[in-house]
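Welcome! Here is a short tour of a structure that may be new to you, with a look at its charged contacts and its strands.

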Amino acid sequence: GVSIMRSGEAMEKALRECCRSVRIGKVLIKKTDSQGVGKAQTIYAKVPLDIQVRQVLLMHPLIDTGATIGEAVRVLTKEYGVNESKILVLSLFASPRGLQHVIKEYNKISLLTSEIDDEY
C-alpha cells in the first residue's frame, strides 16, 4: 500500500488490521494551485523497493480535483515503474470532476470510493 501523507495515513490502521504484513509507502504531495484547477507536485516519496511487482493500494480519503491522486499515480508509474493496472485507489468520498480528471489521464487504474458527491 501507499498512503498520501496527512490524509491517507488515516486509512493505514484499517489496512494493517486486515493485512498485517503489508508494507506501506508514503507520498507527500503539495497542491500548487489555489484556484481549483488541480495542480500538484511531489515533495517526498518513499515506497517499498519491489513496488513495481506488487499490487498497489493507493489511499486518499477525499478526491476533490483529482490533482493529488493524479500526481501520486504519475510518481508511481513514471518514477517507480508501477503498471497502471496494478493500482487500486481507495477513497471515502470523491467528486465527479476529480474522478473524471484521474480516469481521463490514467484510464487503467481502478478506483473504489464509498460515495460520489457533487458538492465537493
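A salt bridge here is a side-chain nitrogen of Lys or Arg within 4 Å of a carboxyl oxygen of Asp or Glu. This is a predicted model, where local features need pLDDT of at least 70 and side-chain atom pairs count only at pLDDT 80 or more, while totals for chains, interfaces and linings use all residues. Residues are numbered from 1 along each chain as its sequence is written, and side-chain values use heavy atoms, leaving out hydrogens and water.

The structure holds 5 salt bridges, including these:

| Pair | N to O distance |
|---|---|
| Asp50 and Arg54 | 2.9 Å |
| Glu71 and Arg74 | 2.9 Å |
| Arg74 and Glu79 | 3.2 Å |

Asp50 and Arg54 also join Arg23 in a network of salt bridges. Glu71 and Arg74 sit 3 residues apart in helix H2 (residues 67-79), about one turn of the helix; helices (H or I, at least four residues) and strands (E, at least two) are DSSP runs, numbered from the N terminus.

Is Glu71 buried or exposed? Glu71 is buried, at 11% relative accessible area, because buried means under 20%, exposed over 50% and partly exposed in between (1.4 Å probe, protein chains only). Arg74 is partly exposed at 28%, and Glu79 is partly exposed at 48%.

Now to the strands. S6 (residues 87-94) pairs with S7 (residues 110-116) in the parallel sense over 6 bridges; pairing takes at least two bridges found by DSSP. Across this pair, Val89 stands opposite Leu111 in S7.
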